[in-house]
Amino acid sequence: MDGRQSGRQARAPARGVTAKSGGPTPGPPTHMTKEIISRAEAKSAGLKRFFTGLLCANGHISERQVSSGNCLACSAERKRTSRQKEPERHKTVLKIWIEKNKSRINELRAQRRRESPDSHRNGSLAWYYKNRDSVLQKKDAKRKANREKYNKRQRDRNAADPTVNRYYAKLRNAAIKRSVPPWFSELDELVWREATRLTQLRFEATGIKWDADHMIPIKAKTAHGLHVWNNCQVIPSSLNSAKTNKLVMTERNEWLIYI
Ligand SMILES: [Zn+2]
């Protein structure tokens with residue numbers, strides 16, 4: 001243990017480090033992980049970078065580019081400064097670069113999605129919840145700005161295939177039927193009927209549409225709610241559609257925090 005430690009300490013700092021006379025005199029490097037290789041050696045080995053272990057004019061001990069001989073730390077610093085000085089120009093340059101490399105970026109993304117679908121899904125979900133407000137706002141604004149277009153598209157779809165709406169209604173009714181337990185009682189029926197009435201009253205009071213909703217969705221992938229009185233809540237329709245069958249809200253009044 002002792003021998004190994006002192007050996008490393010003795011080797012690391014000394015190797016190849018020389019301070020430029022008159023320049024800043026940095027302390028000994030705290031670590032040296034890169035292998036020393038000359039520019040010519042790196043070039044003949046087909047490498048893009050080389051490392052001499054020597055200080056650059058600005059006092060970095062960093063890898064250098066084989067093609068230009070430039071210090072990578074200096075390049076990074078220059079980039080950082082120019083980004084701070086002209087953020088708008090940097091944004092434009094970045095945009096152009098992304099546009100130019102779009103197919104490559106998409107390829108890499110698709111590859112990542114294939115290799116670790118879970119991490120990708122979690123990543124996009126996390127992103128969505130972090131930016132949920134602005135995403136929904138943008139969507140809403142788009143819908144409002146193009147209301148006529150959206151309505152027309154829906155009308156066209158319905159006209160092209162009038163069975164679609166009936167089909168979904170059928171699916172839904174079947175799902176409800178499947179979710180009615182053998183102990184379905186007068187109370188269950190009463191609550192659901194009153195909840196449906198409440199949607200109308202709330203609509204008249206607030207001007208937005210309301211739905212009688214199953215707190216635990218009756219068609220969810222991970223849970224199967226029942227069509228019973230204590231799985232009932234009256235929530236804004238907008239929230240209900242955003243909820244689809246994925247977002248499971250199991251607590252009473254939990255929907256309030258999404259408003
Ligand atoms: Zn440098």
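User: In this predicted model, which helix holds R109?

Analyst: The model is predicted. R109 falls within residues 102-115. That stretch is helix α5.

User: Is R109 buried or exposed?

Analyst: R109 has 11 C-beta neighbours inside 10 Å. A residue with 12 or fewer is classed as exposed. R109 therefore counts as exposed.

User: What distance separates the C-alpha atoms of R109 and H120?

Analyst: Along the chain, R109 and H120 are eleven residues apart.

User: How many residues of α4 are buried?

Analyst: Helix α4 covers residues 87-100, which makes 14 residues. Burial takes 20 or more other C-beta atoms within 10 Å. Helix α4 lies largely in the open, because its number of buried residues is zero.

User: What span separates the end C-alpha atoms of helix α7?

Analyst: Helix α7 runs over residues 132-145 and has 14 residues.

User: Where does α7 lie, given its number of buried residues?

Analyst: Helix α7 has 14 residues. The number buried is zero, so α7 lies largely in the open.

User: What share of the protein chain is buried?

Analyst: The protein chain has eleven helices and four strands. Its length is 259 residues. Of these, the buried share is 6%.

User: What share of the contacts with a separation of 6 or more joins residues 24 or more positions apart?

Analyst: Two residues are in contact if their C-beta atoms lie within 7 Å. Among contacts with a separation of 6 or more, residues 24 or more positions apart account for 40%.

Conventions. Residues numbered from 1 in each chain as written. Predicted model: local features only at pLDDT ≥ 70, side-chain atom pairs only at ≥ 80, totals over all residues. Helix = DSSP H or I, 4+ residues; strand = E, 2+ residues; numbered from the N terminus. Expected span 1.5 Å × (residues − 1).
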